Amino acid sequence: MALQTKVTRNSGARLFLQSVIGRSYPRVIGTQRDLSWLFFDIFLPFLTMVGYVYIYRALKAPEEYIGFVVLGSAMTAYWINILWSMSSQLYWEKETGNLALYVMSPTPLMAILFGMASGGLFSTTIRALVILVVGNLLFQVSYTITSFWALFLVFVLTMVALYGMGMMLSSLFLLFNREAWHSANLLQAPVMLFSGFYFPVSAFNFWVAAAASIVPLTLGMDAIRQLVFPSTALLGFLSVKLELIILAILSVLFLAAAFLTLRRMERLAIKHGKITDRLD
Amino acid sequence: MSSAETTPNSEAKPGKLLTFRTSAWLGWMIESNWTDPFIFAIYSIIRPISTAAILIVMYLVIRGGDFGSADFVNLYIGNAFFILVGAAIQGVSFGILDDREHYRTLKYIYIAPVRVPVYLFGRSVASILVACFSVLITLGFGIIFLKMPIALAEVKWGLFAAAFVLGMAVMICLGLMLGSWTLIIKNNAWSLGESLGAGLLIFSGAVFPLSVLPVPLQWVGSALPISYWLTLIRRALVPGIGRAYPMYTNLSDQQLILILLGFTLVYAALAALIYKRFDFIARERGNIDMVSNY
């Protein structure tokens, strides 16, 4: 019949890819269809950034610190995305009843997580770029990029490790039930403190900074600062080269951990029959 | 207390006090009963201390460790009490969102014989109580670990009490104004309270004097009650240091109290009008029982 649509049944890698695209689609398209995010996700966080900039201005800090705040605020968008749209996402999906549909469908859950991550990365990058550009224009931040390729590599590895961490946390948060929301809320400020979103992480002693490096944004931001504000390179925690190596290791570790925790969570949830529970 | 407030089976509409008390209790349960008291205490400590610590480290990297200086003490106290601003604003909007989207009970609140604004006031009080705990912890941390010169014997308790009560009243009105908006928002509403609260930091004079801002932004700050309230709180808690803060130095404590009182009355009237308007729009659009799943 003319009205019938041909349904192709994919499997294997094609199904995986199809699922990734399918799950990332709403996150990519959503940014175009509903522009309210411009106000809520850019203008309001932008005000927070302005607040931190004026704190440094009131303290008569060197101009590079204004650049640290602008950069840190742009990176905040990624951390917020990891917490609220990655780590907590499977919990929300459970609350709204989608998780059971994911598990029942032939698609692997890992593809769903990749889709969430890639879609979130895309939309968050747009947000971060807007914050960065407007912040730079408003506060006249000047950058001197010492190595474009190193900067690109640092950013890519930071994002792979960070979203790998988000994928791992999404499985763990699912086990927290009602504590998931509070756990995300709890992690927000301490990580912004210890990862040095608004100041160099070297302000802490070595072991605190080393422990904070488990969050990929810590080393990522430290390396980016060294690469774009060469005058403050002395404030760097580790050398850029070493930070790149650690970020590469974190990327592999977090992706592997995401795979393992997801499998374990899926087994546990099916065994205890709690995937469809909506625990208010 | 009227019999309507004491007799559960009475057919009379419950009084405002009973509505307020019950919703405040409900809010407190929702805020606190998701875990055991020990974890809840840790949770309540870590968040405010981390936020304060960001400022401490920022100050440390620029100015060194002089935590007894007037600049730092004023910054620290302003930041500690600003927690209440966020809580008051967030309390109302979260109450609406929780009831509408999560528990899906807002429609039942609407059809129950209670006054919804009074119910929302009650819900926000729970959030303010938790925030008060955070403020105390933050101040305690400053006094014990940073040796900040806050002496209880020197605190002007009368001024503090007057400023605190008026400040909370005006903050709840502000919360109701912004929270009312939540009634008609479908997307991104969860972040509204926290984001707006953080945004108001610029205009509050909490962590830097308004004079640091460009002139038009200073006007915005002067049109909001937060900067007057925080100035009074500083003058009450650390009288000498608070007076040295370069904000409203030409105004006496009494004048500031009168200004805050004026703001409270104006904001109460505005909150009533704004709530009425948004409530009407929400009913008209059918937003009261909406579940956006956003």
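**A helix crossing in chain A**

Mentor: In this predicted model, α6(A) passes α11(A) in a right-handed crossing. The contact is made on one side by Leu109(A), Met110(A), Leu113(A) and Phe114(A) of α6(A), and on the other by Leu255(A), Ala258(A), Phe259(A), Leu262(A), Met265(A) and Glu266(A) of α11(A). Sorted by class, the residues in this contact of α6(A) with α11(A) are nine nonpolar, no polar and one charged. As for geometry, α6 spans residues 109-139 of chain A and α11 spans residues 240-272 of chain A, and the two pack at an angle of about 130° with their axes 10 Å apart. Angles over 145 degrees would count as roughly antiparallel, and α6(A) and α11(A) are therefore oblique to each other.

A helix pair in chain B can be set beside this one. Helix α4 (residues 70-102) of chain B and helix α6 (residues 116-145) of chain B pack at an angle of about 155°, their axes being 8 Å apart, which makes α4(B) roughly antiparallel to α6(B). The contact of α4(B) with α6(B) comprises 18 nonpolar, seven polar and three charged residues, and α4(B) passes α6(B) in a right-handed crossing.

Turning to the interface between the chains, 41 residues of chain A are in contact with 41 residues of chain B. Together chain A and chain B bury about 3,800 Å² between them, with 70% of that area on carbon and sulfur atoms, while the count of salt bridges between chain A and chain B is zero.

Key: Residues numbered from 1 in each chain as written. Chains lettered and ligands numbered in written order. Predicted model: local features only at pLDDT ≥ 70, side-chain atom pairs only at ≥ 80, totals over all residues. Heavy atoms only, no water. Axes fitted to C-alpha atoms, helices over the stretch in contact; angles between N-to-C directions. Helix = DSSP H or I, 4+ residues; strand = E, 2+ residues; numbered from the N terminus. Parallel < 35°, antiparallel > 145°, perpendicular 65-115°, else oblique. Left-handed = near helix turned anticlockwise from the far one by under 90°. Contact = heavy atoms within 4.5 Å. Nonpolar A, V, L, I, M, F, W, Y, C, P; charged D, E, K, R; others polar. Buried area = accessible area lost by both parts, 1.4 Å probe. Salt bridge = Lys/Arg side-chain N within 4 Å of Asp/Glu carboxyl O.
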